[in-house]
Amino acid sequence: MVGAYARSVENQPLPHSSPRTAAFFDLDKTVIAKSSTLTFSKSFYQGGLINRRAVLRTAYTQFIFLAGGADHDQMERMREYLSALCKGWNVQQVREIVAEALHDLIDPIIYDEAASLIEAHHTAGRDVVIVSTSGAEVVEPIGEMLGADRVVATRMVVGEDGCFTGEIEYYAYGPTKAEAVRELAESEGYDLARCYAYSDSATDIPMLEAVGHPHAVNPDRALRREALAREWPVLVFNRPVRLKQRLPGLSMPARPALVAAAAVGAAAATAGLVWYASRRRAGALAAAASS
């Protein structure tokens, strides 16, 4: 089923190594510092989709989420609330609001460490896949901005009138994420034993178990315990930064440009070594001549 929901994004892929590998990233609190969906609540309010009371409730929900207190039951209640909240929303209007506010709201909360990891995986020839419980209308544009190759996200049912019905067609959560990873591996030829996964939540343990290189990022208490017991690496991301403000060497160029930059850097380094060696040799010869 997930084949219909694992969408490619508009980023030109690099040639793949054989066998193919991928890095799977949860989004909220792993790649970005907040909940991607709840971050747009003010924009949805300004667009007339929600009222002031809903804005306050989503702000409280965001606080609970950031405090690390959102367990499985709370996540289920959040899902029910958001499903009811978006019932009747025009899908095209949602997409336009997200596109307009994307860089102002999401760009400043991308973890510098996560962006660097994404670049490193691309440089190594791996696909980058965002696997998020948030809605596709929010996650897909973020994935494109980050340079991801594919996105797996929750999808709502859309009626004939172009509006959300309030029902969920595909819920990318918990074990479903692991199923998505395995089905993508089968369809794309990924060697899961050589793949990577990153998440902050214990609900993503099934996804982390599915790959050979799982990583806990800013983990909640339950995931931290599990990661320590299984000797999984625990990473701390705490530097949200705008992509344009990152160091030039750590910027997020288009992937072909990234490869070209790497080639130029390697050539410059090689030239520098040759120059340094020639200078040392010339100095040694001069010293020998003078003596």
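Start by selecting Ala23, which stands opposite Tyr196 in S6. You're looking at a predicted model, where local features need pLDDT of at least 70, side-chain atom pairs count only at pLDDT 80 or more, and totals for chains, interfaces and linings use all residues. Residues are numbered from 1 along each chain as its sequence is written, and side-chain values use heavy atoms, with hydrogens and water left out.

Now colour strand S2 (residues 22-25), which runs parallel to S6 and is joined to S6 by three bridges. Strands pair if DSSP finds at least two bridges between them. Strands (E, at least two residues) and helices (H or I, at least four) are DSSP runs, numbered from the N terminus.

Next, show the side chains of S6 (residues 196-199): Tyr196 and Tyr198 point one way, Ala197 and Ser199 the other, and all are buried. Buried means under 20% relative accessible area, exposed over 50%, with a 1.4 Å probe and protein chains only. In a regular strand, side chains alternate between the two faces of the sheet.

Move on to strand S7 (residues 213-217), which pairs with S6 in the parallel sense over four bridges. Pick His215 in S7 and you'll find Tyr198 opposite.

Last stop: helix H7 (residues 175-188). Its buried residues are Lys177, Ala178, Ala180, Val181, Leu184 and Ala185. Look down the axis of H7: these fall within an arc of 155°, so they line one face. (The arc is that of the directions from the helix axis to the C-beta atoms.) On the face turned away, select the exposed Pro175, Glu186 and Ser187. Just after H7, click Gly189, with its positive phi of about 80°.
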